[in-house]
Amino acid sequence: MNAKATKKKSTASTTIKKTPLNQSTPHHTLMPYKFKPYEAKAGELYMNDSHLKHFRSILEEWKKDLMQEVDNTINEMKSESIEVLADPNDKATQEELFNLKLRTRDRERKLIRKIEEALQQIDDKEYGYCESCGVEIGIRRLEARPTATLCIDCKTLDEIREKRTAQ
């Protein structure tokens, strides 16, 4: 690992700030910011109040960013639709871009729904447990994907079943 990568790795885990991701990836569906990973204390119970508070802040920030993106897209599409394009190729390109934006927003709408469900689970003190087998999902897995509802074993089995039924 080179010096830049080492420095980048060490600062990413200790700071809480918004960071632009690679522009070629739709960053709105990924975690749009860095957060300080939860540091467990000795003898701490799983999904105690400080765990729930940690995940609530992650989920609320993520939802806020997604909602802001939805508003930005609506405003962009309104302003772009006012333009009258004489060239049929330009018009087709614009329509294709609108379709792409709408598909992206639809995926984000579904993600917002999952975030809201996770926030409701936090309110009900059910967050962090596998909906299939009831085992702890794990802090690090939830930090990687805060909307996860299955433990790694159940998710793996689920994906295997999906592959088999798809064939």
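Q: Which helices each supply at least two residues of the largest pocket's lining?
A: In this predicted model, α3 (88-123) and α5 (152-166) each do.

Q: And where does the largest share of that lining come from?
A: From α3, with 4 residues.

Q: What volume does the largest pocket have?
A: About 260 Å³.

Q: How many residues line the pocket, and which are closest to its centre?
A: There are 13 lining residues. The closest to the centre are Lys 114, Thr 147, Ala 148, Thr 149 and Leu 150.

Q: How does the lining split by class?
A: Charged residues number 7. The lining also has 3 polar and 3 nonpolar residues.

Q: Switching to cysteines. How many disulfides does the structure hold?
A: The count is 0.

Q: What about Cys 133, which cysteine sulfur is closest to its own?
A: The one in Cys 130, at 3.7 Å. A disulfide needs the two sulfurs within 2.5 Å, so that distance is too far for a bond.

Q: Is Cys 154 buried or exposed?
A: Buried, with a relative accessible area of 13%.

Q: What's the relative accessible area of Cys 133, then?
A: Cys 133 is at 47%, so it counts as partly exposed. The cut-off for exposed is over 50%.

Conventions: Residues numbered from 1 in each chain as written. Predicted model: local features only at pLDDT ≥ 70, side-chain atom pairs only at ≥ 80, totals over all residues. Heavy atoms only, no water. 1 Å grid on protein atoms, 1.4 Å probe; cavity = no way out; pocket = protein on both sides within 12 Å on 5 of 7 lines; lining within 4 Å. Points joined across faces, edges and corners; volume = space filled by probe spheres on them. Nonpolar A, V, L, I, M, F, W, Y, C, P; charged D, E, K, R; others polar. Buried < 20%, exposed > 50% of the residue type's maximum accessible area, 1.4 Å probe, protein only.
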